[in-house]
Every structure is written in C-alpha cells, then in structure tokens.
Amino acid sequence: MEALAVGSAPPRPGLAAPTRYPHLRRPRTLAAARRPLAAAPMEAAGGGRPSPAPARCASAETESEVDEAATSSHAAEAEAAGATEQADNGSPVADAAAAGASIEGVDGIRIRRRPVTGPAVHYVGPFQFRLENEGNTPRNILEKIVWDKDVEVSQMKERRPLYMLKGALEAAPPARDFVGALKASYDRTGLPALIAEVKKASPSRGVLREDFDPVQIAQAYEKNGAACLSVLTDKKYFQGSFNNLEAIRNAGVQCPLLCKEFIVDAWQLYYARSKGADAVLIIAAVLPDRDIKYMLKICKILGMAALVEVHDEREMDRVLGIDGVQLIGINNRNLETFEVDISNTKKLLEGERGRLIAQKDVIVVGESGLVTPEHISFVQNAGVKAVLVGESLIKQEDPGKAIAGLFGKDISHAGAS
C-alpha cells in the first residue's frame with residue numbers, strides 16, 4: 001500500500017490548520033513523491049537473483065504506525081525482485097517475472113495480483129503483437145478483474161494522490177454503523193439481516209436490469225426492510241460507479257452503504273470513504289493476511305466496517321486468525337468453475353470454526369445462490385446472521401417487494417408492526 005505520510009504542506013495564511021486525517025499530507029518534493037524503485041543486487045556467485053519478497057504491507061499496530069506505513073505492495077515487489085537486469089552485451093533486459101511479481105502462494109492465495117510475465121500486448125512501431133502464455137493469461141474471471149483493477153487504481157492514484165483526498169474526506173458525511181444496523185435488523189425480525197445489492201450487471205449474466213435507477217432501487221430496498229445496501233462501483237465488469245454510491249447517499253437513504261469494489265490498494269479505502277461508503281469489501285482470495293490486517297486498521301481509523309469475504313476452508317481459517325474481523329462473508333460461488341453451492345456455507349461453519357466464530361462474536365454473511373425462503377432458512381440454521389443478495393432481487397419487476405418473496409414474509413418496519 002502506498003506510504004501514507006511523506007511530509008506536509010504549510011497551511012495557507014488565514015486558514016486554520018486541519019485537524020482530521022493529519023496523515024494525508026502533500027509530499028515535500030516531487031522526488032519524495034516519486035522515488036525510483038531500487039533494483040535488488042545480483043548475487044555475487046552464480047549470477048542468480050534473490051527470491052522476491054512476498055507482496056505485503058508493512059505491519060501497523062497503532063494509528064501513528066499506520067500513518068507511517070512504509071511501502072506499497074507494488075513497490076515492495078519491485079524493490080525485492082528488481083525491475084531490470086543488464087544482459088551480457090550491456091543493454092537492459094526486462095525481467096518479466098520480477099516486473100509482474102505475484103503474491104500467489106502467499107498465505108495460500110490463488111489469485112495473482114497482476115500478469116507474472118508482463119502484459120500480453122506488445123507494440124513494435126505501429127504494429128501490435130499479442131503474445132499469450134500462462135504467465136499473462138488470467139485463469140478465472142476474478143483474476144482478470146483483479147489485473148484490470150490493478151491498472152485502473154494505478155491510474156486513479158496518479159490523477160488523485162492520497163493527500164489530494166483529504167478535503168473530500170473531511171467533507172464526507174459521517175460513517176454510519178454498518179455492523180450495528182445488521183445486529184438491529186436480526187434482533188427485530190429474527191431473520192438474517194439483508195444487505196440488498198444495487199447491481200446493474202455481472203460478468204457472467206450480462207445486464208440484469210435495463211431500467212436501472214440506483215437511487216430508486218435503493219429507496220425501494222430500504223422501504224421493504226433492507227438493513228444495509230451494497231453498491232457496485234466497478235464500471236468495466238458490473239457497470240457500476242462511485243457516482244451511484246454518492247447519489248444514493250445524497251438522496252437521503254439511511255441504510256449504511258457497502259462499497260462493493262475489488263480492493264487491491266489501501267488508497268481505495270480512502271477513496272470509498274470520501275464518496276460516502278460506510279463499509280468496504282475485502283476479498284481474502286486476493287490479499288495476503290498482512291494486507292488484510294493493515295486495511296482493517298485503516299478502516300477503523302476511517303470509521304468504516306470491513307466485510308472480509310472467503311470462499312473455502314483455508315481462507316476461513318486465515319481470516320479467523322486475524323484480530324479485529326467483525327464481518328465474514330461466505331461466498332458460495334466457486335472461483336474456478338463459477339458454480340454456486342449454498343452447502344458451502346454450512347461446510348465452513350461446522351465444528352471448531354463455528355465455535356470460534358461464536359466466541360469472537362463475528363457476524364457471518366451468506367453470499368451467492370440465495371433465492372428462496374428455504375435458502376434463507378438453510379443458511380440461518382448453519383449460523384448465518386446476515387445475507388447479501390443482489391441478482392434474485394434486481395431482476396424482479398419490483399426489487400423492493402421481491403424482498404418479502406425472498407424471506408417468505410414482510411420484513412419491513414411496517415410489516416413487523
């Protein structure tokens with residue numbers, strides 16, 4: 001994650017010194033903001049290259065340590081592996097494996113953060129060549145999304161460095177209690193709290209709703225008993241946007257909002273909060289444990305909740321070993337096949353894992369494949385206290401009224417009374 005503090009800009013005459021987010025400061029100089037990446041030294045014997053260090057964030061135990069967190073994942077990768085090496089003839093030779101350093105294997109992660117052997121498309125003069133191999137071809141849709149997101153976020157950070165978000169963060173409405181809203185709904189209805197998703201499209205199903213009005217849909221969800229809302233902000237694959245998130249927040253919707261984004265960099269957490277998010281999604285299949293810990297600390301500083309998503313037993317065990325996790329989402333969709341099996345929720349909550357979750361007072365959120373009251377009852381009996389549902393609601397003529405069909409009863413405040 002990008003360093004959060006590299007100097008401060010002097011206050012303008014006549015303006016009070018800012019008191020919030022003191023760690024978001026303008027770099028002292030251009031050189032400080034854009035330090036060149038240092039290549040790792042070649043080994044003296046044999047000309048071998050040191051193994052790259054895992055792509056991880058610096059650990060941070062206090063707010064001040066978070067402020068001073070030293071390295072971004074990308075910088076750590078490049079510094080550890082080296083970006084180029086000198087060939088025998090003295091000309092620079094790109095080290096593709098280093099430039100596309102992967103965190104695959106760290107903490108059992110299967111999703112590579114970016115192409116290991118560099119991009120597939122190359123240009124020679126006016127000609128474009130596409131050279132595909134295992135290292136630059138995504139193995140599943142999540143990996144493809146993450147690779148594209150990594151490029152997108154890098155470009156967004158160039159346009160709006162972290163210190164430039166300070167004003168938007170200070171102007172953002174206060175974060176609302178996402179976890180508290182889920183607990184209150186569960187206590188009120190005796191059923192899993194609903195996180196209703198505002199979602200126009202998906203990469204597997206295409207456009208789900210042509211007459212898509214995010215504010216109108218959000219208001220209908222809230223009226224019919226949703227405890228919280230999930231708003232897709234990815235544009236390329238889900239046709240979402242941060243404009244939708246802002247519009248819903250500014251329209252007076254009181255439900256806390258989850259920014260449903262593919263988080264690969266801590267900068268995205270600050271950006272989401274500046275747009276009015278009350279919670280963010282963190283996917284364990286994408287981020288190593290140290291990154292998750294680091295991001296949880298930033299979320300706490302910003303007042304946001306974090307829904308940490310897992311897909312299998314290994315990811316669940318990793319996340320249960322991390323302090324500060326309040327919400328765990330179990331995604332019933334297989335990352336490789338994209339098939340959905342809601343029995344995955346029960347499997348991940350059986351035995352010692354279920355006892356540990358109860359001991360830690362973690363709220364488990366069921367995700368994917370939940371369409372009927374029987375599905376809701378199944379995951380509730382397994383130990384789920386909240387569900388995140390999008391497609392089965394958004395495809396209905398009236399997404400708000402579809403909530404009663406999902407739960408088998410009216411869960412709105414009016415229905416409960």
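User: How many cavities of 30 Å³ or more does the count come to?

Analyst: This is a predicted model, in which local features need pLDDT of at least 70 and side-chain atom pairs count only at pLDDT 80 or more, while totals for chains, interfaces and linings use all residues. Residues are numbered from 1 along each chain as its sequence is written, and side-chain values use heavy atoms, with hydrogens and water left out. On a 1 Å grid over the protein atoms alone, a cavity is a set of points where a 1.4 Å probe fits but cannot get out, whereas a pocket is an open set with protein on both sides within 12 Å along at least five of seven lines; lining residues have an atom within 4 Å of a point. By this rule, the count at 30 Å³ or more is 1 cavity.

User: Which helix supplies the largest share of the lining of the largest cavity?

Analyst: The largest cavity holds about 40 Å³ of space, a volume being the space filled by probe spheres set on grid points that are joined across faces, edges and corners. Its lining consists of Lys149, Glu152, Val153, Met156, Phe242, Glu261, Trp267, Gln268 and Tyr271, and helix 5 and helix 10 each supply at least two of the lining residues; helices (H or I, at least four residues) and strands (E, at least two) are DSSP runs numbered from the N terminus. The largest share, 4 residues, comes from helix 5.

User: Which residues does Lys275 contact, leaving aside its neighbours within four places in sequence?

Analyst: Lys275 is placed in the loop between helix 10 (267–274) and strand 10 (279–283). With a relative accessible area of 16%, Lys275 is buried, where buried means under 20%, exposed over 50% and partly exposed in between (1.4 Å probe, protein chains only). Taking contact as heavy atoms within 4.5 Å, and with those sequence neighbours left aside, Lys275 is in contact with Phe242, Leu245 and Glu246.

User: Which residues lie nearest the centre of the second largest pocket?

Analyst: About 730 Å³ of space lies in the second largest pocket, and helix 5 (141–159), strand 10, strand 14 (386–389) and helix 16 (391–394) are the elements that give two or more residues to its lining. By class, this lining has 16 nonpolar, 9 polar and 8 charged residues, with Ala, Val, Leu, Ile, Met, Phe, Trp, Tyr, Cys and Pro counted as nonpolar, Asp, Glu, Lys and Arg as charged, and the others, Gly among them, as polar. Of the 33 lining residues, those nearest the centre are Lys199, Asn331, Arg333, Ser368 and Glu391.

User: Is strand 12 largely enclosed or exposed?

Analyst: Strand 12 (residues 327–331) pairs with strand 11 (residues 305–310) in the parallel sense over 4 bridges, pairing requiring that DSSP finds at least two bridges between two strands, and Leu307 stands opposite Leu327. From strand 12, Leu327, Gly329 and Asn331 point one way and Ile328 and Ile330 the other, and all are buried. Because 5 of its 5 residues are buried, strand 12 is largely enclosed.

User: Which residues touch the most other members of the largest nonpolar core?

Analyst: A nonpolar core is a set of buried Ala, Val, Leu, Ile, Met, Phe, Trp, Tyr and Cys residues joined through side-chain atoms within 4.5 Å. Not counting residues up to four places away in sequence, Leu182 touches Ala193, Ile195, Ala227, Cys228, Leu327, Ile363 and Ala386. Of the 107 residues in the largest nonpolar core, those touching the most other members are Leu182, Leu194, Tyr221 and Leu229.
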